[in-house]
Amino acid sequence: MQSAISFSGVKKSYGKLEALKGVEFEIQRGEFFGLLGPNGAGKSTLINITAGLVRKNAGSIAVLGHDTVTDWRQARLNLGVVPQELVFDPFFNVTDMLRIQAGYYGCGEESWPWIDHLLERLGLADKKGAMMRTLSGGMKRRVLIAQALAHKPQVVILDEPTAGVDVELRRTLWTFLRELHAGGTTVVLTTHYLEEAQDLCSRIGIINKGSLVALESTAQLIARHPYRFMTVKLSCETLPEKLQAMQTGGKNGSVELKVPAAESLGSVLETLRSNGCLIEDVQTRNPSLEDIFVELTGKAS
């Protein structure tokens with residue numbers, strides 16, 4: 001099956017800084033794909049090259065089989081990008097902004113019902129006549145998402161779409177993205193909220209220092225971690241020596257232990273009891289995507 005986006009040996013340097021070091025992978029049609037990495041890893045550079053905003057030094061990128069340089073018109077017709085930055089024209093209202101955007105891609109009045117649908121689904125119906133400069137940051141973010149979708153692209157890239165927005169918008173966007181994906185649109189998401197990626201994305205690529213360091217299904221990534229985590233609140237001031245190597249952190253009087261899969265949680269509790277530690281509270285959790293992310297990049301999201 002033809003891939004939605006294929007990256008082949010993509011390199012980009014800014015002087016001596018290698019932002020991308022021969023990145024090569026494919027995003028399949030119909031996927032909900034997560035592109036993750038710490039700040040400065042190269043994610044936005046890769047997206048901007050795909051969108052035609054930055055020139056690569058080597059390699060190639062194709063959107064639905066159309067090279068982004070030699071067949072750029074077709075590549076961009078199939079692609080919608082939501083940037084991190086709030087970029088807008090302050091002298092147009094919301095509806096006009098979206099109709100103008102659709103017009104750039106050759107869409108006329110036939111696109112207006114779709115634009116009205118976007119306004120409704122993104123909670124912008126009561127703002128359709130409002131000037132862009134009068135909107136809050138969250139509302140401007142919604143308009144940028146609608147703008148990227150105005151021409152009904154088959155592939156959508158969202159670069160940190162929920163950065164700095166409230167819980168209501170985040171939930172609205174999650175619901176809308178799931179609907180969009182269910183309708184056949186390929187969705188590529190970059191986010192520092194790793195719970196978003198874990199909940200939404202079926203497959204994830206992690207970039208670190210310009211290189212792809214992981215490319216697996218979300219379930220496979222999480223299964224890499226052969227540990228469980230236990231948070232215990234204890235009466236004793238120090239952990240028994242046997243358990244000290246397991247401690248990964250602690251706060252508010254509790255300590256977190258990273259327990260190997262081969263070790264039962266019951267044996268940890270028994271060690272605490274036999275050393276005179278009164279257990280006031282205990283919580284356990286399975287590894288999360290964030291745990292894997294930190295292991296692969298050495299950085300928190």
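Across the whole structure, a search finds zero disulfides, a disulfide being a pair of cysteine sulfur atoms within 2.5 Å. This is a predicted model, in which local features need pLDDT of at least 70 and side-chain atom pairs count only at pLDDT 80 or more, while totals for chains, interfaces and linings use all residues. Residues are numbered from 1 along each chain as its sequence is written, and side-chain values use heavy atoms, with hydrogens and water left out.

**Cysteines**
- Cys 201 is buried at 5% relative accessibility, whereas Cys 107 is partly exposed, with a relative accessible area of 22% (buried means under 20%, exposed over 50% and partly exposed in between, with a 1.4 Å probe and protein chains only).

**Cavity**
- There is one cavity of 30 Å³ or more, where a cavity is a set of points, on a 1 Å grid over the protein atoms alone, at which a 1.4 Å probe fits but cannot get out, and lining residues have an atom within 4 Å of a point.
- The largest cavity has a volume of about 50 Å³, a volume being the space filled by probe spheres set on grid points joined across faces, edges and corners.
- Its lining includes Ile 5, Phe 7, Thr 50 and Val 188, and α1 gives the largest share, three residues.

**Helix α10**
- Just after α10, Gly 276 takes a positive phi of about 80 degrees.

How values were computed:
On a 1 Å grid over the protein atoms alone, a cavity is a set of points where a 1.4 Å probe fits but cannot get out, and a pocket is an open set with protein on both sides within 12 Å along at least five of seven lines; lining residues have an atom within 4 Å of a point. Helices (H or I, at least four residues) and strands (E, at least two) are DSSP runs, numbered from the N terminus.
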